Amino acid sequence: MSDHYLLHHWTLEGCWRKHTSPILDQATWELLQDAYRHAVQPEHNSTIALDPKSGFLVPYEVRMIPGKGRGIFATEKIKSGEGVIIWKTIQVAKFTDKLSWQRFLSSIPYEIACDACQWSYTYRVKHEKQNSLFLDLDDGALLNEASANEEINVEETREGSYVPLRDIEAGEEIIITYSGLSDNIDWYKHIKQQVWQPHLLDYDNMKYPTKEEETVGHDWKMLLVLVFSFMIICFFWKKSRYRHVCAARCRKKAQH
């Protein structure tokens, strides 16, 4: 799939009506990590760890929560205290442009691409001029925010690690705050609206060009460019020829 097609034609459609919520295993997270490294070419632009392991440092499991979706639960008691870290943000993927994000979404399974649009967020890194898009590529993406009747039990440190605010019992959900996260990038907001707000697009009647149609369209554009270039060349050639003719006539008149 060409970069031109990804930027101008490809879109992720229908997540609002077809979406399910699978629990991802480690092999799937590694697939997403590989897709990310390929999407942000060259690979040294990658911001995730080379080791594909999760950033969690405590025993946990992913559970389905009725009416809420997936969440992270402690499987053993976690005691608060100095040096206790629950999750390190070592698998946070950074996207600085629309093309790399589109490359990533188009190269992973549909259901997970829908998830990625929900899990992703933006913020401005210190000393950078603009916001960037971020996506956690391990189970940290499933950490839920506290609802109205809940309190957070984990907080983020300046170093990007999450530590317990109090003792967390076995079987208790690990809950964070999304404060400070946003979707403050125009192209990103547009993609999220397309994915999750059905009234903005008529998905049933939307048509996308096939690879052959895209190739034909590109050929027509190239032909128009060549014709236009030829017309410009002809114009300047005639203009130059007219000057030479006028100059020759002037010389003849001068001789007579």
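A residue counts as buried when its relative accessible area is under 20%. By that cut-off, six of the six residues of strand E2 (residues 69-74) are buried, so E2 is largely enclosed by the rest of the structure. The model is predicted. Helix H4 is mostly covered as well, whereas a nonpolar patch that includes Trp220 lies on the surface.

**Strands E1 and E2**
- Strand E1 (residues 60-65) runs antiparallel to E2, and six bridges join the two.
- Met64 stands opposite Arg70, a residue of E2.
- E1 and E2 make a hairpin with three residues between the strands.
- In that hairpin, Gly67 takes a positive phi near 75 degrees.

**Helix H4**
- H4 covers residues 98-106, and seven of its nine residues are buried.
- Asp97 caps the N-terminal end of H4.
- For this cap, a side-chain oxygen of Asp97 lies 3.1 Å from the backbone nitrogen of Leu99.

- Trp220, Leu223, Val227, Phe230 and Met231 form the nonpolar surface patch.
- Together these residues have about 550 Å² of accessible area.
- Trp220 lies in helix H7, which spans residues 211-255.
- Exposed means over 50% relative accessible area. Trp220 has 54%, so Trp220 is exposed.
- An α-helix has 3.6 residues a turn, so residues three or four places apart point the same way.

Terms used
Residues are numbered from 1 along each chain as its sequence is written. This is a predicted model: local features need pLDDT of at least 70, side-chain atom pairs count only at pLDDT 80 or more; totals for chains, interfaces and linings use all residues. Side-chain values use heavy atoms; hydrogens and water are left out. Buried means under 20% relative accessible area, exposed over 50%, partly exposed in between (1.4 Å probe, protein chains only). Helices (H or I, at least four residues) and strands (E, at least two) are DSSP runs, numbered from the N terminus. A polar contact is a pair of N or O atoms within 3.5 Å; within protein, one must be able to donate a hydrogen and the other to accept it, and residues adjacent in sequence count only if both atoms are side-chain atoms. Patches are made of residues with over 30% relative accessible area and no salt bridge: like charges are joined within 9 Å, nonpolar side chains (Val, Leu, Ile, Met, Phe, Trp, Tyr) within 5 Å. Accessible areas come from the Shrake-Rupley method with a 1.4 Å probe; for residues, only the protein chains shown count as cover. A salt bridge is a side-chain nitrogen of Lys or Arg within 4 Å of a carboxyl oxygen of Asp or Glu. Two strands pair if DSSP finds at least two bridges between them.
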